[in-house]
2 protein chains.
Amino acid sequence: MSVTSAVLAVDLGGTSMKGAVVDAAGRTVHEEARPTPVGGDLVIEAVGDLLVALRERGESLGLRIVAGSVVSPGTIDDSTGVIGYASNLDWRDVPLGSLMAERAGVPVAIGHDVRAAGLAEQLLGAAGGVDDFVHVAIGTGVAAALFDSGTVLRGATSSPGELGHIPVIADGETCTCGQRGCLEVYMSGAGLARRYQARGGEPRDAEQIVARLGSDPIADAVWAEAVHALALGLATVTQLLDPALVVLGGGLSRAGNTLLDPLRIALDAQLTWRPAPRIALSTLGSDAGRIGASVLAFRSIGLGDVVTRWHREGVLAS
Amino acid sequence: MSVTSAVLAVDLGGTSMKGAVVDAAGRTVHEEARPTPVGGDLVIEAVGDLLVALRERGESLGLRIVAGSVVSPGTIDDSTGVIGYASNLDWRDVPLGSLMAERAGVPVAIGHDVRAAGLAEQLLGAAGGVDDFVHVAIGTGVAAALFDSGTVLRGATSSPGELGHIPVIADGETCTCGQRGCLEVYMSGAGLARRYQARGGEPRDAEQIVARLGSDPIADAVWAEAVHALALGLATVTQLLDPALVVLGGGLSRAGNTLLDPLRIALDAQLTWRPAPRIALSTLGSDAGRIGASVLAFRSIGLGDVVTRWHREGVLAS
């Protein structure tokens with residue numbers, strides 16, 4: 001195919017939507033972020049507007065736009081392009097694929113944001129060459145994409161990978177979801193901020209709490225409990241799924257070795273009779289979802305082969 | 001193929017090995033069980049002897065033996081037929097497939113006992129027609145076979161499905177494996193017997209403990225904790241894997257509704273925001289592993305199609 005072909009890629013989150021035009025060589029030739037409005041119909045409208053703007057920009061650069069993709073949180077049926085439920089977006093049973101294809105004038109593939117990010121890490125990032133791995137996104141909440149034999153798990157209702165809501169502390173603190181002892185009660189941006197304040201700390205976000213480690217006993221305490229909870233969750237993941245690698249992404253993965261070092265020790269301590277999987281940081285960071293979306297777009301029109309070329313040529317898609 | 005063709009199927013456990021000759025119509029024409037000796041070399045010898053005896057018996061019935069299969073616990077590489085590690089059998093790096101082919105004079109496929117049982121439930125039992133399900137074997141310990149989109153998960157080191165060793169009670173009682181709070185500390189044959197006695201009960205096995213429910217407060221207490229632990233484990237499985245169905249097999253599944261009724265209530269209580277998967281009892285019971293082995297044997301020589309016929313014709317393989 002001509003290198004002047006390109007796709008539209010949108011990573012839709014609860015607070016912002018990040019769009020890009022990505023050409024067939026894997027280059028991000030244009031990026032554009034917009035806030036996500038509140039209200040289901042407004043979100044649909046805004047995503048459509050972004051796709052149209054991206055398309056116009058791509059065409060003005062002389063590119064031929066051949067497809068698009070939107071990845072989002074929620075219950076996503078990749079095959080039909082219907083979003084069953086996405087609480088942050090106020091969506092239920094939204095046929096996003098057909099709605100966006102109409103707006104964008106090209107086929108628009110729909111995918112799950114964390115599964116798309118995992119796919120990007122597998123093809124171009126920290127999980128390159130690994131068939132059995134788990135991509136864990138630790139942001140406001142926690143979600144995972146689970147890969148076995150190279151394939152991402154889809155589950156019976158397109159809702160696997162809810163790692164943030166496994167009960168790591170039996171009958172523990174109540175989660176915003178109503179369950180008790182969920183992993184993300186302890187290890188997540190929202191969980192750390194809430195627990196830090198509940199122990200008498202000033203209102204601070206997770207990044208600020210991490211920055212105070214070593215000089216703030218409350219920060220130290222909630223962080224230690226968060227790492228313990230994540231280690232319990234990853235011990236469970238290891239016993240159930242036997243991954244070779246855990247890739248940590250999402251905002252909290254920016255803590256780097258502050259997270260990795262104690263986590264590795266805690267996971268080794270949990271697993272007495274089998275080796276822990278390797279743990280690595282995402283190399284694509286917050287671009288992973290958008291890069292995954294561009295891959296889905298090319299694949300959806302039968303051009304998945306261009307992506308293998310990105311990989312072979314070491315193009316970092318940015 | 002001629003209906004006079006047949007395979008040798010062996011389900012090898014730590015205490016006994018159950019063998020059968022299964023013809024291409026799915027009929028078990030001969031069954032034979034033997035105790036499993038102690039000591040790795042003796043086990044290899046004994047399995048070989050059983051295969052030879054099964055072969056002779058099959059031939060004496062006028063059957064043509066075309067393949068065999070042995071399924072066992074442990075770290076099984078189905079593709080190479082090598083058993084990496086099986087603690088109960090005192091095996092490490094045993095090339096069982098080639099050793100048994102030499103003894104039996106036919107190709108011998110090697111598989112994992114719980115994955116084979118799950119395959120049998122999928123093709124001919126409680127999980128018929130379900131692509132995304134979990135087969136949980138609750139015996140002396142607990143293990144699971146995990147199916148997504150119709151395919152069983154294999155993991156990076158052929159060791160997924162260790163449901164018995166996920167930490168359901170953080171920092172809970174120590175397991176025989178050295179970890180703490182493992183599911184099978186609480187819900188397993190060995191766990192129930194040990195905890196019943198630790199609370200002052202007479203030495204009894206799990207079946208006896210279950211029989212005393214309602215009239216023995218110690219039995220009631222350890223059973224309630226066991227059901228709670230299993231519900232926590234299945235809540236985790238649901239959040240991670242999103243199965244449509246959980247099939248319960250193994251000796252403790254014979255508790256039937258005594259297990260199912262409180263388990264369903266406890267799992268519903270754990271999962272506040274998503275529906276629990278259906279929970280059903282194994283329909284193949286202790287035959288599941290052996291039936292799965294016969295399926296693996298036919299498949300290994302390219303005759304997997306005969307098994308679809310068993311399914312279509314409703315043959316129960318016994």
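Which domains is chain A divided into?

1. **Domains.** Chain A has a domain 1, made of 5-118 + 285-313, and a domain 2, covering 129-281; these bounds come from an automatic or database domain assignment. This is a predicted model, in which local features need pLDDT of at least 70, side-chain atom pairs count only at pLDDT 80 or more, and totals for chains, interfaces and linings use all residues. Residues are numbered from 1 along each chain as its sequence is written, while chains are lettered from A and ligands numbered from 1 in the order in which they are written.

2. **Confidence.** For chain A the mean pLDDT is 94, and 97% of its residues reach 70 or more; pLDDT is the predictor's confidence in each residue, from 0 to 100. The complex is given an ipTM of 0.94 and a pTM of 0.94 by the predictor.

3. The C-alpha centres of domain 1 and domain 2 of chain A are 27 Å apart. Their contact takes nine residues from domain 1 of chain A and 12 residues from domain 2 of chain A, where two residues are in contact if their C-beta atoms, placed from the backbone, lie within 7 Å. On the domain 1 side, strand S5 (75-77) and helix H3 (113-124) of chain A each supply at least two residues; helices (H or I, at least four residues) and strands (E, at least two) are DSSP runs, numbered from the N terminus. H3(A) gives the largest share of that side, four residues.

4. The same surface serves both copies, as 100% of the contact residues of chain A recur in chain B.

5. **A sheet to trace.** Look for the open, mixed sheet of five strands in chain A, ordered S11-S10-S9-S12-S13; two strands pair if DSSP finds at least two bridges between them. Strand S11 (151-152) and strand S13 (278-281) of chain A are at the edges with a single partner strand each, so one side of each has no neighbour in the sheet. Strands S9 (residues 133-138) and S12 (residues 245-249) of chain A run parallel and are joined by five bridges. Phe133(A) has Leu245(A) as its bridge partner in S12(A).

6. **Two aspartates worth a glance.** Asp90(A) has a positive phi, near 60°, though not a glycine, and sits in the loop between strand S6 (82-86) and strand S7 (91-94) of chain A. Asp90(A) counts as partly exposed because 16 C-beta neighbours lie inside 10 Å. Asp171(A), also not a glycine, has a positive phi of about 55°. With 12 C-beta neighbours inside 10 Å, Asp171(A) counts as exposed. A residue is buried if 20 or more other C-beta atoms lie within 10 Å of its own, exposed if 12 or fewer, and partly exposed in between, with C-beta atoms placed from the backbone.
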